[in-house]
Amino acid sequence: KTSNNSLPPNNNNVTVEDDRTGLSIPTLKRAIADNLFYIQGKFPTIATENDYYMALAYTIRDRMLQRWAVTVDSYLQSKTRVVSYLSAEYLLGPHLGNNLINLGIYDRVKQAVEELGLDLEHLIAQEEEPGLGNGGLGRLAACYMDSLATLEIPAIGYGIRYEFGIFDQEIRDGWQVEITDQWLRYGNPWEIRRPEVTYEVKLGGHVEHYTDSHGHYGSNWVPDLVVKGVAYDTPILGYQVNTANTLRLWKSEAPESFDFQAFNVGDYYGAVNEKVICENISKILYPNDEQIQGKELRLRQQYFFVSCSLQDMIALHLRRGGKVENFYETFVVQLNDTHPAISVAELMRLLLDEHELDWETAWDVTTRTFAYTNHTLLPEALEKWNLDLFASILPRHLEIIYEINRRFLDEVAIRFPGDEGKLWSLSLIEEGEEKSIRMAHLACVGSFAINGVAQLHSELLKETVLKDWYELYPEKFSNKTNGVTPRRWMVLSNPRLTELITSKIGDGWIKNLEELKGLEKFADDGAFRKQWMDVKLAVKKDLASQVEQQQGIKINPESLFDVQVKRIHEYKRQHLNVLHIITLYNRLKQHPDLDIVPRTFIFGGKAAPSYHVAKLMIKLITSVAEVVNHDPDVRDRIKVVFMPDYNVTNSQKIYPAADLSEQISLAGKEASGTGNMKFSLNGALTIGTLDGANVEIRECVGEENFFLFGLTAQEVEQLKSSGYNPWDYYHDSLKQAIDQISSGFFSHRDGSLFQRLVNSLLYDDRYLLFADYHSYIECQDRVAEAYRDKDKWAKMSILNVARMGKFSSDRSIKEYCEDIWKVKPVPVELYDLCPDGE
Ligand code: F58
């Protein structure tokens, strides 16, 4: 019993730890229970699993906040350069498990949660992943944020807080159906809204020119719409360091003045409509990959997040006491493809119109600030904006771009006297029936560095899409081969393999992936090979039971798991994989007792909703699956599974279970690929073409540990220019497979269903499936033979992992830091932000 005003008697046997920061098991349990009650408003008997997830997420966020606040504070205090990563997409994947790994408290939290009668995996599975990206480009941005923090590099990521991320995919009757992604439905415990960090962004209207009393020219942009961007911050913690960088995503809202106006102008409907228009800007992620559509809203999105981000950077720079003309000393800005390339014109506008610098100074600042990464060679993916559309939204930027172009073309004319062609090909404006603005050209002229994302890609850039730019500015060009974070893609997603590796070589590889080399000496150790294959089998059993539970398909964990997961696209050639399946099926039908290596074909991936052929490719996979999986003659020797809703969460279960990684794009089309790296790091062998980073993976793991097939990029060019004819290859098993598809063999005798797909192959075949088919089949036969010798396979698998050290995103980021950004690590020392509780 205690009297009203005094504290309860202190029990000296209990050490009191701060419930917001303490890491002992009793403290963690108490903190979770507290958050359950005080944040979720629930008590244990009525709490759902999601309530517990939220309570745990807040408990973990509390334990990150000190690091986060100190990191931000130390960047403001210091004078070192900060990397600003500008990306329209971040495909982060769920935070909880990753934060537990990076804090180094996974096991103790697991125990605390267990003592509360809960299962940590189940709670982790409750998290809705922020799917704020389409595929490789968005996922790369997420891996880079992880590595920047782990390497203790001062950095901030800027992007858009889409209310609806990439759609959820369901498969109905074998077809893809898109469902809106309501990832914010239950709230997002990882973000903090910063209502005081807002900027206004103008859109539309016209520009007025004036001369002030001092005789200076000035421009006044009179917009017809003003939107407000509000910052939402998410901490990105490094692995076992104090650094917690910020991912700042912008949400669009109507400006404060809106409510006031709505009541005073007669047009209430019109005013509310304007609010809707403002809010629409950050509403939805465009779900296209490798295809642009030139939609007005997308241009608004790009400009919106770029303008907010640059205004924020300038404000931070000034807050650090910098002068605006020294902006580039505080920030170096990396453009993740051309989606943020309007930055070049926007920074010029801010410096000229808002900060009143002269053109030369502003241009000098701008070109010392930006660096540009290209991610594609596909012509249909190069961004261009229709000039009239552009002018109607960004009239002032059009003027600035014209002036940049005028000065730039003067330079070109001096470099290449009399060469009209050069002026045409380098101009920022594409002339012709429809005039448009070439965003890659804007990025190139405004950046001091330009890079591709794999050696081959960077070479091809210089020979094709950016050829003239390379001729003009060779010193700007370099290669930065992509990488992936081993924290998410090994430690978090494959704990069994992590434990086995660590038992042999310690855990240094998690931060220094080259240490995987240490595994090489165990590749000939029979006992280790067995342990290795036991781990793989256990992981495959997990996936098999998930497939059975979710789809009712029984798969044999001992069979070869042959996996292709990525966006569905003709250039990635999922249909080439299908042709192999049909070929195997036909062999079995012809020789029912044929001794083949049992295989499970696993597919996953989303098709852009408006990309009809890609959707038809999904239907083809599911249709072939239906026939093959139910044919008694096959006797379970081949199975085909399409995993619905491929996303980061699901992929974490798929990569570790793969034996064979399908990287079969037409050579010269895949800029890099990063899935190829995740597979190989988890012990899958690759069947692949000499495309993107496959080339470098093969160099590293050794050609004897890689299944190579297909034409080279050079051979593709030669074949195309000599007149490619798919009919030259249309015979034997290929003809049989194609004829079955077009006769309706896989579609209940409906011969019309796949006609569009078949015709595109027979009469065009842009991606040379037919030319590569025979080489692919022959290579797949070699794969099957290799898999019969499990011991040999184990050795190849071990050597793959041991030699993949190069493909850590830590290595990529170090190269960006040294060659482009010129920044060094700034270790963060924790200190008390409010001493004496002030
Ligand atoms: C991908 N691009 C490349 N774009 O295809 C892949 O080879 C590379 O590994 C990866 O970038 C990272 O460098 C990609 O994912 C998109 O998703 C864009 C989304 C917006 C529209 C244009 C494509």
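**Domains, ligand and core**

Modeller: The centres of domain 1 and domain 2, taken over C-alpha atoms, are separated by 36 Å. Please keep in mind that this is a predicted model.

Colleague: Which parts of the chain make up domain 1 and domain 2?
Modeller: Domain 1 is made of 79-94, 129-166 and 175-482, while domain 2 covers 495-807.

Colleague: How many residues of each are in contact?
Modeller: Domain 1 has 34 residues in contact with 28 residues of domain 2. On the side of domain 1 that touches domain 2, the elements giving two or more residues are α6 (136-150), β6 (175-179) and α17 (455-463). The residues of that side comprise 13 nonpolar, 16 polar and five charged.

Colleague: Let us turn to the ligand. Where does it lie?
Modeller: The ligand lies between domain 1 and domain 2, because both give residues to the shell around it. There are 20 residues around the ligand, and those that come nearest are Gly-136, Leu-137, Asp-289, Ala-671 and Ser-672.

Colleague: What classes of residue does the shell have?
Modeller: The shell has six nonpolar, 11 polar and three charged residues.

Colleague: Which residues have the most contacts inside the largest nonpolar core?
Modeller: They are Leu-442, Ile-581, Ile-621 and Val-624, in a core of 231 residues. Helix α2 (residues 49-77) gives the largest share of this core, 10 residues. Domain 1 and domain 2 each supply at least three residues to this core.

Colleague: What does Val-624 touch?
Modeller: Leaving aside residues up to four places away in sequence, Val-624 touches Val-578, Ile-581, Ile-582, Val-640 and Phe-746.

Colleague: One last topic, the loops. What is the phi of Asp-173?
Modeller: The phi of Asp-173 is near 55°, a positive value in a residue other than glycine. Asp-173 sits in the loop between β5 (168-172) and β6. With 7 other C-beta atoms within 10 Å, Asp-173 is exposed.

Colleague: And where is Glu-356 found?
Modeller: Glu-356 is in the loop between α11 (343-354) and α12 (359-369). Its phi is positive, about 55°, although Glu-356 is not a glycine. Glu-356 is exposed, with 12 other C-beta atoms within 10 Å.

How values were computed: Residues numbered from 1 in each chain as written. Predicted model: local features only at pLDDT ≥ 70, side-chain atom pairs only at ≥ 80, totals over all residues. Domains from an automatic or database assignment. Contact = placed C-beta atoms within 7 Å. Helix = DSSP H or I, 4+ residues; strand = E, 2+ residues; numbered from the N terminus. Nonpolar A, V, L, I, M, F, W, Y, C, P; charged D, E, K, R; others polar. Near = placed C-beta within 6 Å. Core = buried A, V, L, I, M, F, W, Y, C linked by C-beta atoms within 7 Å. Buried ≥ 20, exposed ≤ 12 C-beta atoms within 10 Å, placed from the backbone.
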